[in-house]
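The entries below are in the order in which I looked things up.

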Amino acid sequence: MSEVAKTNQLPTLAELFSDVANVGQYEALNTLLNAEPPKAWVKEHPYISGFKYLPIDKVEHLLKRIFKRHRIEVLREGIAFNGVSVVVRLHYLDPISGEWTYQDGIGAAPLQLRAQTKEEKENKIKVIFSPENLSNGAISIAFPIAKTLAVKDAAGQIGKVFGADLNRKDVLEFKPDVDLIMKSNKQKLNGN
């Protein structure tokens, strides 16, 4: 093989990392994280046609099963236009290194307006966004929804199993380096 051909090839993970055991473990973890979520867990949004999502209880279940320990830190919240936003940091324990790491996520939810009065309906007057037109509990409803969406956004960045690619049309399939995983397992069996 010519030197030019050699330089145009990407190195393998085994060539980049001397600790094949840990790299193999991460490759196995990435295989799990980039698996499709169970089809029975995937829901279609009731108001957005064709929009799929993974409910928060499933995301939380996966966080507990995969990482065993995680915590949510609210970094900031705010009001934007006619809704609220929340930014969170999802901390989770890396099961291989034992170190804490994190992903940030953002979520937003609209503030609910009061219903139209009978007179407004008859006169075709819309309820416009203004503080006096907010429904009772609008803020206390919107912030938890925004936080939930932020947690799901952060988890989605960890992997496909958390629902990351449910609404993407062009997605590369994750293909694990099976040789690397096998080398890692072999190295562990030999006690290296």
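Which residues touch the most other members of the largest nonpolar core? I looked this up in what is a predicted model, and found that Leu 33, Leu 63, Ile 66, Phe 67, Leu 90, Ile 158 and Phe 162 do so, in a core of 16 residues. I then listed the elements that give two or more residues to this core, and they are α3 (20–33), α4, β4 and α6. Of these, α4 gives the most, with 5 residues.

**Entry: Phe 162.** I took Phe 162 from that group and asked what it touches once neighbours within four places in sequence are left aside. I found contacts with Leu 33, Leu 54, Val 59, Leu 62, Leu 63, Ile 66, Phe 67, Ala 155 and Gly 156. I also noted a second, separate core of 10 residues, which includes Val 86, Leu 111, Ala 138 and Val 151.

**Entry: the chain as a whole.** I stepped back to the overall layout and counted 7 helices and 5 strands, which follow one another along the sequence as α-α-α-β-β-α-β-β-β-α-α-α. Of the 192 residues, 28% count as buried. Among contacts with a separation of 6 or more, 57% are between residues 24 or more positions apart. For the accessible surface I noted about 13,200 Å², with 54% of it belonging to carbon and sulfur atoms.

**Entry: helix α6.** I followed α6 through residues 138–156, a run of 19 residues that reaches 27 Å from its first C-alpha to its last, close to the 27 Å expected. Which residues of α6 are buried? I wrote down Ala 138, Ala 142, Ala 146, Ala 150, Val 151, Lys 152, Ala 154, Ala 155 and Gly 156. When I looked at what these buried residues pack against, I found β2 (52–53), α4 (56–67), β3 (70–80), β4 (83–93) and β5 (100–110).

Entry: I found Asn 133 in the loop between α5 (118–122) and α6. Is Asn 133 buried or exposed? Asn 133 counts as buried because its relative accessibility is 10%, and buried means under 20%. Not counting residues up to four places away in sequence, I saw that Asn 133 touches Gln 112, Leu 113, Arg 114, Val 127 and Ile 128. I placed Lys 124 in the loop between α5 and α6 as well, but Lys 124 is exposed, with a relative accessible area of 76%. Lys 124 has a positive phi of about 55°, although it is not a glycine.

**Entry: Lys 68.** I noted a positive phi of about 65° at Lys 68, which is not a glycine. Its place is in the loop between α4 and β3, and at 59% relative accessibility Lys 68 counts as exposed.

**Entry: salt bridges.** Another salt bridge is formed by Lys 58 with Asp 57, where the closest N and O atoms are 2.9 Å apart; Asp 57 is partly exposed, at 41% relative accessibility.

I then turned to Arg 168, which forms a salt bridge with Asp 165 with the closest N and O atoms 2.6 Å apart. Arg 168 is exposed, with a relative accessible area of 52%, while Asp 165 counts as buried at 17%. Salt bridges that share partners join Glu 36, Lys 160, Asp 165 and Arg 168 into one network.

**Entry: a nonpolar patch.** Which residues form a nonpolar patch on the surface? I found Tyr 47, Ile 48 and Phe 51, with about 360 Å² of accessible area together. Phe 51 lies in the loop between β1 (43–44) and β2, and I recorded it as partly exposed because its relative accessibility is 34%, which falls between the cut-offs of 20% for buried and 50% for exposed.

How values were computed
Residues numbered from 1 in each chain as written. Predicted model: local features only at pLDDT ≥ 70, side-chain atom pairs only at ≥ 80, totals over all residues. Heavy atoms only, no water. Helix = DSSP H or I, 4+ residues; strand = E, 2+ residues; numbered from the N terminus. Expected span 1.5 Å × (residues − 1). Buried < 20%, exposed > 50% of the residue type's maximum accessible area, 1.4 Å probe, protein only. Contact = heavy atoms within 4.5 Å. Salt bridge = Lys/Arg side-chain N within 4 Å of Asp/Glu carboxyl O. Patch = residues over 30% accessible without salt bridge, like charges linked within 9 Å, V, L, I, M, F, W, Y side chains within 5 Å. Areas by Shrake-Rupley, 256 points an atom, 1.4 Å probe, with all protein chains shown as cover. Core = buried A, V, L, I, M, F, W, Y, C linked by side-chain atoms within 4.5 Å.
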